[in-house]
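Let me put the model up and we'll walk through how it is put together.

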Amino acid sequence: MSSKSDAKQEREIKIVGFLCNWCSYGGADTAGVCRFRQPTDLRIIRIPCTGRIDPLMIVKSLIQGADGVLVSGCHPNDCHYAVGNFYARRRMEVLKRFLPYMGFQSDRFRYTWVSASEGQIWQQVVTDFSETIHRLGPNPGLHQTVDSAPAVSWF
Ligand code: FES
């Protein structure tokens, strides 16, 4: 008979991936076509551009039980909408800093750039992120106490 904590440990890890349609989704597809071995934890959501990502989509994923969230888009200067990934980069950087204040480890979120031809790079990115999330274990999410958040220092 397993205890409640054993059941928590055995829970399947879930990673949400928001991938830009034009580059990273293509990269993931290329990796699949080339039969590169990939972790199976990732649930991919195809988006038109990383500039379309609202940071709340990432927070909501974590609140609703994702153990990790990966955002991936076109390389800087390759965005099909010119500057979407530049907007995204700014938002993602701010979000990463705020996550601990919301009770989430910032390592549970990562953003990266992968082009459609970079199937092997996609494989490395997703494998590395999946290993990180497995090391962190299931997302304690909202069950974390406020005490575990870093102290706020304005100066
Ligand atoms: S179209 Fe890919 S990041 Fe903008």
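So, start with helix 2, residues 24-33: it lies across strand 1, strand 2 and strand 3, running at about 115 degrees to strand 1. Contact here means C-beta atoms, placed from the backbone, within 7 Å. Helices (H or I, at least four residues) and strands (E, at least two) are DSSP runs, numbered from the N terminus. Axes are lines fitted to C-alpha atoms, for helices over the stretch in contact, and angles go from 0 to 180 degrees between N-to-C directions.

Two caveats. This is a predicted model: local features need pLDDT of at least 70 and side-chain atom pairs count only at pLDDT 80 or more, while totals for chains, interfaces and linings use all residues. Residue numbers start from 1 along each chain as its sequence is written.

Four strands form an open sheet, order 2-1-3-4, with parallel pairing; a pair needs at least two DSSP bridges. Strand 2 (42-47) and strand 4 (109-113) are the edges, each pairing on one side only.

What about helix 5, residues 119-136? That one lies across strand 1, strand 2, strand 3 and strand 4, at about 160 degrees to strand 3.

And the two helices? The axes of helix 2 and helix 5 come within 7 Å and cross at roughly 95 degrees, which means helix 2 is roughly perpendicular to helix 5 (that covers 65 to 115 degrees). Among the residues meeting there are Ala28 in helix 2 and Trp122 in helix 5.

Methods: Contact = placed C-beta atoms within 7 Å. Parallel < 35°, antiparallel > 145°, perpendicular 65-115°, else oblique.
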